[in-house]
Amino acid sequence: MGSDCLFCRIVAGEIPATVVRETDSTLAFRDIDPKAPVHVLVIPKEHYADVATLGQGDPALAGELLATAAAVAEDEGLLGDGFRLMFNTGAYGGQEVFHVHAHLLGGAPLGPMLARGVA
């Protein structure tokens with residue numbers, strides 16, 4: 001993308017992150033403002049704006065992203081009690097950084113998926 005994408009800059013090593021898993025094509029690192037005891041962001045190293053663009057543009061990379069998320073969930077001990085894997089896409093979806101990323105959340109009961117009164 002360019003130097004203005006926060007996650008591209010993390011991939012490039014320009015901005016530090018607490019990396020928990022890295023593959024040739026993906027990176028997983030701890031969120032700096034966690035919403036659960038375990039809150040890890042899982043991203044492709046290649047820039048895609050959102051999950052729809054990734055899924056349409058490179059389905060194999062989308063699968064690698066899911067495999068990395070599953071491996072992190074296992075490493076973090078989340079498989080037994082469960083976890084949430086969430087992609088925010090676009091303004092209505094609450095996306096704040098426009099580089100596709102999955103939020104892997106767990107380590108405690110997470111409550112409802114949406115705030116009450118949204119639907």
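Which residues does Q95 touch, not counting residues up to four places away in sequence? Q95 touches A49, D50, N88, T89 and G90, where contact means heavy atoms within 4.5 Å. The model is a predicted one, in which local features need pLDDT of at least 70 and side-chain atom pairs count only at pLDDT 80 or more, whereas totals for chains, interfaces and linings use all residues. Residues are numbered from 1 along each chain as its sequence is written, and side-chain values use heavy atoms, with hydrogens and water left out.

**The surroundings of Q95**

Q95 sits in the loop between β4 (83-87) and β5 (102-106); helices (H or I, at least four residues) and strands (E, at least two) are DSSP runs, numbered from the N terminus. A polar atom of the Q95 side chain lies 2.8 Å from the backbone oxygen of A49, and the side chain of Q95 also reaches the backbone nitrogen of G90, at 2.9 Å.

**Burial of selected residues**

| Residue | Relative accessible area | Class |
|---|---|---|
| F7 | 4% | buried |
| F29 | 3% | buried |
| Q95 | 6% | buried |
| A71 | 18% | buried |
| F83 | 37% | partly exposed |

**The aromatic pair**

The structure holds 1 aromatic pair, a term for rings of Phe, Tyr and Trp (its six-membered ring) whose centres lie within 6.5 Å, with planes under 30 degrees apart counted as stacked, over 60 as edge-to-face and the rest as tilted. The pair is formed by F7 and F29, and its arrangement is edge-to-face, with 5.6 Å centre to centre and 75° between the planes. It links distant parts of the chain, since F7 belongs to helix α1 (residues 6-11) and F29 to strand β2 (residues 26-30), 22 residues apart.

F83 is found in strand β4.

Terms used
Buried < 20%, exposed > 50% of the residue type's maximum accessible area, 1.4 Å probe, protein only. Polar contact = N/O pair within 3.5 Å; in protein donor to acceptor, adjacent residues only side chain to side chain.
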